[in-house]
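Please open the structure in your viewer and keep the selection tool at hand. The stops below move from a pocket to paired strands, then to charged side chains and finally to an annotation taken from a record.

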Amino acid sequence: MNVLQALAAIAIVIFVIARQLRGEPLRGKRLILLPAILAVIGFTSLGKGGRHLTTTDLACLVISAVIAAGIGTAQGALLRLEPRDGVLWARMPVYGLWLWLALVVSRVVLTVVAMALHAPVAGSSAPILMLLGLNRLGQAAVVTPRALASGVPFAPEKDGRPFDVRGALAGLLGGSGEPSAPGAERPGRQPRPTGSYDRSACDGLRDRDRRGRR
């Protein structure tokens, strides 16, 4: 068992939980690109160190991936979105910690099952980063359409530039992400919403939250 991988995964989980409970601006790269990179890095590390995937390993990994992504979609549905200073903010309610606990417990249970079935790769720490990335992608699959439907822009990235979420999704799904017509302008910096825009978006999000609680 790779102790460094386990410690890295624990550190990432603690970091993500702390930010979600406190609330943070919703940024496209952190929502979509970082989980995808994490999942790819975790997937490519499965075969390193002389490890060989067996059929039982693959079966256990598929089940683990489905569970991790499913919990991620539940986390995405639970995440609260609200406009602040003209951009989207996201915050996880405290009872969302139960979903994180479910993710940890599911991993422990599947590790025990994998070891009992003689699936050493699936029962090791090697899949942890991949599963964590898939969990975050499951959340992104729910949060992204909610954010786009709200009409409130994503928060700008650290360099102050907006991230083209629709273009990134088009690229991931096989689209070009380029303007469809010759001479069409590329999307520029997102304009800062006006006060009336913020109020209407906020009212819409609050109405959806009320309907969800009912």
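Begin by selecting helix 4, from which the largest share of the lining of the second largest pocket, 8 residues, comes; helices here are DSSP runs of H or I of at least four residues, and strands are runs of E of at least two, numbered from the N terminus. This is a predicted model, in which local features need pLDDT of at least 70 and side-chain atom pairs count only at pLDDT 80 or more, while totals for chains, interfaces and linings use all residues. Residues are numbered from 1 along each chain as its sequence is written, and side-chain values use heavy atoms, with hydrogens and water left out.

A pocket is an open set of points on a 1 Å grid over the protein atoms alone, where a 1.4 Å probe fits and protein lies on both sides within 12 Å along at least five of seven lines; lining residues have an atom within 4 Å of a point. The second largest pocket has a volume of about 530 Å³, and of its 24 lining residues, Ala-9, Leu-103, Val-104, Arg-107 and Ile-128 lie nearest its centre.

Next, select strand 2 (residues 80-84) and strand 3, which pair in the antiparallel sense over 5 bridges, where pairing requires that DSSP finds at least two bridges between the strands. Leu-81 has Ala-90 in strand 3 as its bridge partner, and in the turn of this hairpin, which has 2 residues between the strands, Asp-85 shows a positive phi of about 55 degrees. Strand 1 (residues 24-25) is joined to strand 3 (residues 87-91) by 2 bridges, also antiparallel.

Now show the side chains of Arg-19, Glu-24 and Arg-30, which are linked in a network of salt bridges, each being a side-chain nitrogen of Lys or Arg within 4 Å of a carboxyl oxygen of Asp or Glu. Glu-24 meets Arg-19 at 2.5 Å, N to O, and meets Arg-30 at 2.8 Å. Arg-19 and Glu-24 are both buried, whereas Arg-30 is partly exposed at 28% relative accessible area; buried means under 20%, exposed over 50%, and partly exposed in between, with a 1.4 Å probe and protein chains only.

Finally, select residues 58-78, one of the stretches that an unreviewed UniProt entry marks as "transmembrane region". Over residues 58-78 the chain is 100% helix, and the end C-alpha atoms are 30 Å apart.

Note on methods
Grid points are joined across faces, edges and corners, and a volume is the space filled by probe spheres set on the points. UniProt positions are given in the numbering used here, feature names are shortened, and annotations may be inferred rather than shown by experiment.
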